[in-house]
Amino acid sequence: QVQLVESGGGLVQPGGSLRLSCAATGTIFSIDYMGWYRQAPGKERELVASIFSDGSTDYVDAVKGRFTISRDNAKNTVYLQMSSLKPEDTAVYYCNAQIAATLDFRLRYYWGQGTQVTVFS
């Protein structure tokens, strides 16, 4: 069974940094897309950053120049380095990935459990 396990959230002051990690575990054949979403209270979940199997990346405008997404294919892990954090970055951050398990080799989307990031003055 495939699972995404997140870590790295917490409390930070404006201007600070945090690094989120998301490890895919289980019987994995391949991983295509990996990304980070966030959901603030009372708001819809939004895509923050994406990284594809060829290494290409994409970011929502609000985080460009401040957040960096990367992946370690040997560890089946995606990271989100967040710098110059602002109060409006406060949200639950979710990892999402398109994974083919060895069970049937079909690509499916999986979600992590979410990790809270709070930026406070």
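Student: Which residue in β3 does Gln 3 stand opposite?
Tutor: This is a predicted model. In it, β1 and β3 pair in the antiparallel sense over five bridges. The residue in β3 that stands opposite Gln 3 is Thr 25.

Student: What is the strand order of the open sheet of four strands?
Tutor: Pairing in this sheet is antiparallel. β1 (3-7) and β7 (67-72) each have a single partner strand, so they stand at the edges, and one side of each is left without a neighbour in the sheet. The order is β1-β3-β8-β7.

Student: What does the twist average from one strand to the next?
Tutor: The sheet in question is the open one, with the order β1-β3-β8-β7. From one strand to the next, its twist averages 15°.

Student: Which residues form the covered face of β1, and which the uncovered one?
Tutor: β1 is an edge strand with a single partner. Its uncovered face carries Gln 3, Val 5 and Ser 7. The covered face is made of Leu 4 and Glu 6.

Student: How many bridges link β3 and β8?
Tutor: β3 covers residues 18-25 and β8 covers residues 77-82. Leu 20 has Leu 80 as its bridge partner in β8. Cys 22 stands opposite Val 78. The two strands pair in the antiparallel sense, and the number of bridges is six.

Student: Which residue in β8 is the bridge partner of Arg 71?
Tutor: β7 and β8 pair in the antiparallel sense over six bridges. Cys 22 stands opposite a residue of β8, Val 78. For Arg 71, the bridge partner in β8 is also Val 78.

Student: How many of the six residues of β8 are buried?
Tutor: Buried means under 20% relative accessible area. β8 is largely enclosed by the rest of the structure, because the number of its six residues that are buried is five.

Student: Which residue in the turn of the β7 and β8 hairpin has a positive phi?
Tutor: The hairpin has four residues between its strands. The residue sits in the loop between β7 and β8.

Student: Where is Ser 84 found?
Tutor: Phi of Ser 84 is near 50°, a positive value in a residue other than glycine. Ser 84 counts as partly exposed, at 41% relative accessibility. Its place is the loop between β8 and β9.

Student: How many disulfides does a search of the whole structure find, and which residues are joined?
Tutor: The search finds one disulfide.

Student: Is the link of Cys 22 and Cys 95 left-handed or right-handed?
Tutor: The angle about the S-S bond is -80°. With that angle, the link is left-handed.

Student: Is Cys 22 buried or exposed?
Tutor: The cut-off for buried is under 20% relative accessible area. Cys 95 has 0% and is buried. Cys 22 has a relative accessible area of 0%, so Cys 22 is buried.

Student: What volume does the largest pocket have?
Tutor: Its lining includes Arg 38, Lys 43, Glu 88 and Asp 89. By class, the lining has three nonpolar, one polar and eight charged residues. The volume is about 160 Å³.

Student: What separates the C-alpha atoms of Leu 11 and Val 119?
Tutor: Leu 11 is in strand β2 (residues 10-12). Leu 11 counts as exposed, at 64% relative accessibility. Leu 11 and Val 119 are 108 residues apart along the chain, and their C-alpha atoms are separated by 6.0 Å.

Student: What separates the C-alpha atoms of Phe 120 and Gly 15?
Tutor: Phe 120 lies in the segment after β11 (115-119). Phe 120 counts as partly exposed, at 37% relative accessibility. Phe 120 and Gly 15 are 105 residues apart along the chain, and the C-alpha separation is 10.0 Å.

Methods:
Residues numbered from 1 in each chain as written. Predicted model: local features only at pLDDT ≥ 70, side-chain atom pairs only at ≥ 80, totals over all residues. Heavy atoms only, no water. Pairing = 2+ DSSP bridges. Axes fitted to C-alpha atoms, helices over the stretch in contact; angles between N-to-C directions. Buried < 20%, exposed > 50% of the residue type's maximum accessible area, 1.4 Å probe, protein only. Disulfide = S-S within 2.5 Å. 1 Å grid on protein atoms, 1.4 Å probe; cavity = no way out; pocket = protein on both sides within 12 Å on 5 of 7 lines; lining within 4 Å. Points joined across faces, edges and corners; volume = space filled by probe spheres on them. Nonpolar A, V, L, I, M, F, W, Y, C, P; charged D, E, K, R; others polar.
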